Amino acid sequence: MAIWVKLPCCSGLVLLFLFLGLLLEAWAGKIRYSVPEETDKDSFVGNIAKDLGLQPQELAERGVRIVSRGRTQLFALNPRSGSLVTAGRIDREELCAQSERCLVSFNILVEDKMKLFPVEVEIIDINDNTPQFQLEEVEFKMNEITTPGTRIPLPFGQDLDVGMNSLQSYQLSSNAHFSLDVQQGADGSQHPEMVLQSPLDREKEAFHHLLLTASDGGNPIHSGTLRIHVQVVDANDNPPAFTQAEYHMSVPENVPLGTRLLTVKATDPDEGANGEVTYSFHNIDQKIAQIFLLDSYTGEISNKEPLDFEEYEIYPMEIQAQDGAGLMARTKVQIKVLDINDNAPEVTVTSVTTAVPENFPPETIIALISVHDQDSGENGHITCSIPGNLPFKVEKLVDNYYRLVTERTLDRELTSRYNITVTATDQGIPTLSTETYISLQVTDINDNPPAFPKDSYFTYIPENNPRGASIFSVTAHDADSDENSRVTYSLAEDTFLGAPLSSYLSINSDTGVLYALRSFDYEQLQELQLRVTAHDSGDPPLSSNVSLSIFLLDQNDNAPEILYPTFPNDGSTGVELAPRSAEPGYLVTKVVAVDRDSGQNAWLSYRLLKASEPGLFSVGLHTGEVRTARALLDRDALKQSLVVAVQDHGQPPLSATVTLTVAVADSIPDVLADLGSLEPSTNPDDSSLTLYLVVAVAAVSCVFLAFVIVLLALRLRRWHTSRLLQSSEGGLVGVPASHFVGVDGVRAFLQTYSHEVSLTADSGKSHLIFPQPNYADTLISQESCEKSEPLLVTQDLLEDKKETFSQQAPPNTDWRFSQAQRPSTSGSQNGDETGTWPNNQFDTEMLQAMILASASEAADGSSTLGGGAGTMGLSARYGPQFTLQHVPDYRQNVYIPGSNATLTNAAGKRDGKAPAGGNGNKKKSGKKEKK
């Protein structure tokens, strides 16, 4: 670790010193080297790589470098050999002046480990300086009466070298009167004195010229000379005397220039010129002589340059007093400089890291800081600090080194850059401080997933949107930076109506804009629920998702669909029947339509677009009910053609039309005759079928007529009893409702049981229509009798009927059909209450049996073919409370076995009565009592 220093002699002593140096180095824990001064540049000092346990090539790889404070770099590292070499010529006297040992201390920094290794290099002195005197010559005046043995101090020489190379001896040229005596000072310095050996005689020799030689102990020996001139003067027997042997003074270092610091005083009892004393500096350092000014007449000492405690704590000087005759006296002066806090701390950032990732653990070293204060004591005691609101702290290391470390984990999203102010403060009064700034960049890691502003989104789009149209946009933000913050979007896999979501929608991965890949149909799909995922581009990537609800808005893209009337597919013709005796407001039929749209787009209104006989029929605006607008006349044609338009309320509105054929006749034979004349039959089988139908209808009519006759007979038998009721305010009190029936009731009953046959020329395609009986207006209830109503229908009853006819059911808001409520195909149901007509032979025979049974039950005033206000369970569907939920499938046909004719149900089409009215309920009760 230490190098061999070749010396010309004393090699054994040198080896001993080197061995002791090794032991001392091991004990001190430092790396020590030595090198002679004045060596050439790049001279070998020591193998630093070996002492650090590294290979030479590792010096550059691990960032090994020299760290020193406030001085010129004296040494350098050779990266090839791993050795420490000199950076230039080293002058020991310039570095250490007269110090016995000249040590240069610095630190070796291993950058990757942030570790310091102290190094100490001793600069070995060589004999490169010659002893010198401050003056080239000196002159003394000596009285001739000076007694032998008198000592005259001589200026001492100065040699900047140390040890054996420093000044070792003085020699005085030979002279009969003077000799040289060298005194050893307390500090080991030599003080030459010239001793008078024999009395002087001015008359013999007035001047004596001597030569003082100062020699060092180097090899070769260097020497310097001082010329001494001694003038022998007349006698002066009293030398000057100082008032104090030594003078001491303490002054602060910031004393102003020109301040009188101290006054020395010397007295001479002689008179005249022998008593005049002058003062001068004697044996004073050249630098000190440039700082102080001595008044040669008053002895005042003042400063002509600023005092610096850091350079000299004590300024030593010697003052000489000499009288006019040449007698001298000397005294010592020591001016002590008091330190003040006039030096701010020095801060040096030795090593710093400019960027750290945000996931670095606590106690990570950011910078290595060196501080120094040239003041002493408390003025030189330094503390290092940083602001308390930063996630860093300062820790003290060896010497005056500090390190800046992280106190907790950093978060770039909170603070991406720190400007750290490191403040070094001393303890002086007033305190001085120095600030240095360290800029630290916190680099990003992917620790934040993309975030959506909302937890969920929803949007509305109209149906029938164009393909490829932008329908919505989502945006997610990532708090990270650069690639970690670049967000891409995607849709989570899902299926709708058996198709993948990707066939419905797509999303721009960069912008988050959603596009529709198809045109949506509200009637098929009302809502889309999906999840949008946002991924960042970090490693590993992070993601988050958000739910998006897309609601479709209905557009008016569906025209109304006519459910009734609809014509069979076999070519047969459906005809509605209106008796000529129908009163105004008589319900002929009802147009039933639906719209697949929703809301306002599905609100339907009905109007009569065209009629063969204007003014004869009217159509309910919201119900679609076709009613007679006036009484039918004989001149009215048998066949009336009506065109009904159904229109929705969308924008623009859509509509559909249906053509109705209404047959006007009072009896079924009329219908058969008229319809038979419309189209003659050409098929003999069709003619025979028509004959069977006519016979069946005639039989039913006969049964009905027999029922009417029996009913009238019963009424006449009770005529006597009813006469008493008529005489009492024209009312019937206490008479059962089943004992009589009003004329209007009989007429209604007859109208209800009128049978109409619609025959075409082709009997196989004819329709036989059986209207259903309606008992609602046939029998007078018991409650009506108890209210003493007249036997005949009064005007009030007629007005009630008119009000019933004028009432319209409100539009049904729930326009949609369930699967069970929609009209179905033939044979879907077996003639149940929903109105589906039979489609097989067994059900048709049951229907025929019910028709025949109705005629026989009519004789007893009751019927089992229907409930409520109508027969066969169909009359309620044409009341004011008619809703689309009760729409039967009017497209179905009833086939009579053994015949090609088809039966269509026209029940209720001519029923203009309101079965839900008050009187209707009472009559129903009366009917039940009668039954």
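**Salt bridges and aromatic pairs**

In this predicted model, Glu 111 counts as partly exposed, at 26% relative accessibility, and Arg 65 falls in the partly exposed class as well, with a value of 31%. The side chains of these two residues meet in a salt bridge, with a nitrogen-to-oxygen distance of 3.3 Å. Overall, 18 salt bridges are present in the structure.

A further salt bridge is formed by the side chains of Lys 393 and Glu 363, for which the N to O distance is 2.7 Å. Because Lys 393 lies in strand β28 (residues 392-396) and Glu 363 in the loop between β25 (355-357) and β26 (365-372), the pair ties together parts that are 30 residues apart in sequence. Lys 393 is partly exposed at 26% relative accessibility, and Glu 363 is likewise partly exposed, with a relative accessible area of 38%. Glu 395 forms a salt bridge with Arg 403, in which the closest N and O atoms are 2.8 Å apart; Arg 403 is partly exposed, at 24% relative accessibility. Glu 363, Lys 393, Glu 395 and Arg 403 are linked in a network of salt bridges.

Phe 392 lies in strand β28 and Tyr 418 in strand β30 (residues 417-426), so that the pair links distant parts of the chain, 26 residues apart. Both Phe 392 and Tyr 418 are buried.

The rings of Tyr 504 and Phe 520, by contrast, have planes at 0 degrees, with centres 6.2 Å apart, and the pair is therefore stacked. Since Tyr 504 is placed in the loop between β36 (499-500) and β37 (505-507), and Phe 520 in the loop between β38 (513-516) and β39 (527-536), this contact ties together parts that are 16 residues apart in sequence. Tyr 504 counts as buried at 3% relative accessibility, and Phe 520 is buried with a relative accessible area of 2%. The ring of Tyr 504 also has the charged end of Arg 518 sitting over it, 4.1 Å from the ring centre. Elsewhere, Phe 292, Tyr 312 and Tyr 315 form one aromatic cluster.

Methods:
Residues are numbered from 1 along each chain as its sequence is written. This is a predicted model: local features need pLDDT of at least 70, side-chain atom pairs count only at pLDDT 80 or more; totals for chains, interfaces and linings use all residues. Side-chain values use heavy atoms; hydrogens and water are left out. A salt bridge is a side-chain nitrogen of Lys or Arg within 4 Å of a carboxyl oxygen of Asp or Glu. Buried means under 20% relative accessible area, exposed over 50%, partly exposed in between (1.4 Å probe, protein chains only). Helices (H or I, at least four residues) and strands (E, at least two) are DSSP runs, numbered from the N terminus. Rings of Phe, Tyr and Trp (its six-membered ring) pair if their centres lie within 6.5 Å; planes under 30 degrees apart count as stacked, over 60 as edge-to-face and the rest as tilted. A charge sits over a ring if NZ of Lys or CZ of Arg is within 6 Å of the ring centre and within 35 degrees of the ring normal.
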